[in-house]
Amino acid sequence: MEFYDLIRKRKMVRAFRPDPIPDDSLARILDAAQRAPSAGHSQGQRFIVIQDETRKAKIAENCNERMYTAAGYAPFISGAPVLIIPCTNEQIYRRRYREKDKLLPDGSEFVWPAPYWYMDIGCSVMNILLAAVEEGLAAGFACFSDNPALRELLGIPEEVEPMGAIPIGYAAPDQTSPSQWREKSKDIIRFERW
Ligand SMILES: Cc1cc2nc3c(=O)[nH]c(=O)nc-3n(C[C@H](O)[C@H](O)[C@H](O)COP(=O)(O)O)c2cc1C
């Protein structure tokens, strides 16, 4: 698909058909996830792919799926054929920036202007969302209600921080999200100065 059409077509979908997604589509989506930039080429992004029904149901519970279905949405977390859990790891960045080529001239660690480990996983997530559309699929996002329980469920190590669940599948008829309005460009973009 043409790039700007792809961007305009992407939206968070909250209803999926149960049909499985092709393995090669999933492989390309995961490749896209790994093609995102990372500060200092730290590559601290990690992804857990979930297809097991019981595990999906437990994740859906953690994401309060019942709250969505009570509001009229489909069970879009347990009902998606695939969930991807994007994770970040601040310590990978800290270790990378303690390497020789990254230390400041006085030998001290870079002063982080922003937590780039969150920026980088956001870049990966966007690649996943766009790649899903390119594959003729759709994707959404749901946050967890209980991160410690999620860690326990998936055996996520202490250093690794899960961001949420990205359900992916073929879009089913969806309830329109109430948040489809967009801020005006003039309120978002500034030129030269704030
Ligand atoms: C960091 C982040 C967290 C989000 N969390 C949720 C969520 O928990 N549940 C949900 O249904 N949508 C969630 N969304 C989707 C947003 O509601 C959605 O992106 C926004 O309303 C704009 O709609 P669009 O992405 O379809 O353009 C999240 C999006 C982002 C980027």
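Hi everyone, let's start at the ligand. Counting any residue with a heavy atom within 4 Å as near, the residues around the ligand are Arg10, Lys11, Met12, Arg14, Tyr68, Phe141, Ala142, Cys143, Ser179, Gln180 and Arg182. Before going on, a word on the source: this is a predicted model, where local features need pLDDT of at least 70 and side-chain atom pairs count only at pLDDT 80 or more, while totals for chains, interfaces and linings use all residues. Residues are numbered from 1 along each chain as its sequence is written, and side-chain values use heavy atoms, with hydrogens and water left out.

Back to that shell. It divides into five nonpolar, two polar and four charged residues; here Ala, Val, Leu, Ile, Met, Phe, Trp, Tyr, Cys and Pro count as nonpolar, Asp, Glu, Lys and Arg as charged, and the others, Gly among them, as polar.

Now the polar contacts, meaning pairs of N or O atoms within 3.5 Å. Tyr68 has a side-chain N or O atom 2.7 Å from a nitrogen atom of the ligand. Arg10 places a polar side-chain atom 3.0 Å from a ligand oxygen atom. From Phe141, a polar backbone atom lies 3.2 Å from a nitrogen atom of the ligand. Alone, the ligand exposes 620 Å², and the protein buries 64% of that, with areas from the Shrake-Rupley method and a 1.4 Å probe.

Finally, the aromatics. The structure holds eleven aromatic pairs: ring centres within 6.5 Å, using the six-membered ring of Trp, with planes under 30 degrees apart called stacked, over 60 edge-to-face and the rest tilted. Trp117 and Tyr118 make a tilted pair, 6.4 Å between centres and 55° between planes. Trp117 is buried at 4%, while Tyr118 is partly exposed at 35%. Both belong to a cluster linked by ring pairs, together with Tyr93, Tyr97, Phe110, Trp112 and Tyr116. Thanks, everyone!

Technical notes: Buried < 20%, exposed > 50% of the residue type's maximum accessible area, 1.4 Å probe, protein only. Polar contact = N/O pair within 3.5 Å; in protein donor to acceptor, adjacent residues only side chain to side chain.
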